[in-house]
Amino acid sequence: MEEKRQGEGLNVKKEENFSDWFSEVIEKAEIVDLRLGVKGFIVIRPWGAQIIENMFEHLEKELQRKGHKPTFMPSVIPKENLTKESEHIKGFTPEVFWLKSIGENQELALRPTSETVYTPMFKLWVRSWRDLPLKLYQRAHVFRLDTKATRPLIRGREFIWIECHDAFASKEEAEKQVQEDIDTTEKVMHQIYGVPFFPMKRPEWDKFAGAEYTVGSDCFMPDGKLIQQPSTHLMGQKFSKAFNAKFKNKEDKEEYLWTTAYGPAVSRILASVIATHGDDSGLILPFSISPIQVVIIPIFTNKNKEEIMEKTSKIKSLLEKKDVKVHVDDEAEKRPGEKYHLWELKGIPFRIEFGEKEMKSDEITLFTRDTKEKKKIKIADLSDIKKMGEEFDRRLREKADDFSKGRILDCNDKKEIKRAIESGKMARVNFCSTEKEGIKCAEAVETQLGGDVRGTLANKDEIPKGDCIICGKPATKVVYIGKSY
RNA sequence: GGGGCUGUGGGGUAGCCUGGUAGCCUUAGAGGUUUGGGACCUCUCGACCCCGGUUCAAAUCCGGGCAGCCCCA
């Protein structure tokens, strides 16, 4: 049992080689299949798709609670739309998939993002301040011809996300929306999926193409590299001006719309969920998003099979009454041990073992995936299963929080920064500027220290005391530097 | 963007240097015995990434492509 057999369990330890561990776990747990062989495009299998589906549900519920309404927009964008906002097209041009030879005059792009579809619709739908705010979203696949190396779920040429596009009557309201988007990331990605993040206001040179400013969510991966999760953008009036999208304000004057965009990439967040919580036995899925929350393994012989199965299905319906997703693994060909390994690999939070012993004492054996603790409890105590699920998720979240919090280091010189980055941490430093004039220092950070200036904290005003760690001029910002995916 | 490594049944691999019968483990399918931490027996299916070149002969050598992984920027 100590020796793992090939082709079955995981052969790589997460601590020793995160990258290999990740590749192995997503295939063996049947999240994805990488064998189609198109660069940057992956097949997501039922287990992965069901998790993603559950993630969408939480996210959409929160968005709708905050006044967003669903839409579905075309997957293609006419060239004239995409090229209307000059900075936007400049930023996205190298990444656009163009559809050629469609036999018509209109040139089309596969959408890399949909500002240039929503804004012209805002123009049609919004006439007065009474139509505002207008908060819309869609579930969508988007396409970006990434020139860098692709990684399954982490960086693909196609990914699955929700994009919110909102229009407001004033800059203040739009900026409030950016804060609300950060709150949505907190409520859903952190509180529900258990993935902590740092909301970073990106430097001027690193904002979304066409935005006034961008706030990205930086999350630590187990190897200490940062991955950008949901980002929210204040577009200001850039797109509304490009598309001439105006409204009549309360003073009966025409004004351009103020717009924002928010894009949680669910397929990529799944990468963080897997990476953050998983262990050497495989996935550990939060109770809130696991497609199966409790798996029941009946253990029987030919003699007692009927009795055991009958009791098992009673336990099942008891749990289902509590609105819990249960699966009974009664496959006769597999022995219990094999089932344990399989469902641990798939990340199921709780496992119930039920056999002869439990039958006698009216108990069940409960295995908890994250702690790997096995204990006997009374069947009646299963009515607390939801609470146990909440505690399960809290444990995952707190463990992730501890990992994340301990990775910020105040640094006072280049050496310290380099050491911080190399040990998988994020350096907090004084910096001259995150406006255009700071770009030279940012480039120096990249070439000399091997890190990126990720930006300033968006939910906290940090005042620098001292000089820029690179050029020595008086610092105006406290920035964070780390390695990123 | 630069560099390196790799591609053999579904998965993991041997063979490649030195050209000549593709071997092993596992999975899958059938049958049987089994079921408290990856069961056993019997039988069966299944592969040289693609295109071109060299050669009597290519998994093997050469060129190009595609795909995957790693490191650096």
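Around RNA strand B sit 46 residues, and Gly9, Ser19, Thr147, Gly337 and Gly355 come nearest; a residue is near a molecule or strand here if its C-beta atom, placed from the backbone, lies within 6 Å of it. This is a predicted model, in which local features need pLDDT of at least 70 and side-chain atom pairs count only at pLDDT 80 or more, while totals for chains, interfaces and linings use all residues. Residues are numbered from 1 along each chain as its sequence is written, and chains are lettered from A and ligands numbered from 1 in the order in which they are written.

The elements giving two or more residues to the surface near RNA strand B are helix H1 (18-28), strand E1 (32-38), helix H10 (336-346), helix H11 (356-361), strand E18 (363-368) and helix H14 (439-449). Helices (H or I, at least four residues) and strands (E, at least two) are DSSP runs, numbered from the N terminus. H10 gives the most, with seven residues. Sorted by class, the surface has 12 nonpolar, 17 polar and 17 charged residues. Ala, Val, Leu, Ile, Met, Phe, Trp, Tyr, Cys and Pro count as nonpolar, Asp, Glu, Lys and Arg as charged, and the others, Gly among them, as polar.

As for the overall layout, chain A is assigned domain 1 (18-277), domain 2 (294-402) and domain 3 (408-482), with bounds that come from an automatic or database domain assignment. Between the C-alpha centres of domain 2 and domain 3 there are 49 Å.

Back to H1: Trp21, Phe22, Val25 and Ile26 are buried in this helix. A residue is buried if 20 or more other C-beta atoms lie within 10 Å of its own, exposed if 12 or fewer, and partly exposed in between, with C-beta atoms placed from the backbone. Seen down the axis of H1, the buried residues fall within an arc of 120°, so they line one face of the helix; the arc is that of the directions from the helix axis to the C-beta atoms. Their cover includes E1 and helix H8 (266-277). Just after H1, Glu30 takes a positive phi of about 60°.

E1 pairs with strand E2 in the antiparallel sense, over three bridges; strands pair if DSSP finds at least two bridges between them. Val32 has Ile44, in E2, as its bridge partner. Two residues lie between the strands of this hairpin, where Gly40 has a positive phi near 80°.

Four bridges join it to strand E17 (residues 350-354), and Arg351 has Phe367 as its bridge partner in E18. Six bridges join E18 to strand E19 (residues 373-378), with Leu366 bridged to Lys375 in E19. The hairpin of E18 and E19 has four residues between the strands, and Lys372 takes a positive phi near 60° there.

A few loops deserve a look. Most residues other than glycine have a negative phi, and most peptide bonds are trans. Yet a cis peptide bond joins Leu132 and Pro133, with omega about -5°; Pro133 is in the loop between helix H5 (115-125) and strand E7 (134-143). Leu153 has a positive phi near 70° and is in the loop between E7 and strand E8 (158-168). With 24 C-beta neighbours inside 10 Å, Leu153 counts as buried. Asp252 has a positive phi near 65°, but counts as exposed, with 8 C-beta neighbours inside 10 Å.

Key: Two residues are in contact if their C-beta atoms, placed from the backbone, lie within 7 Å.
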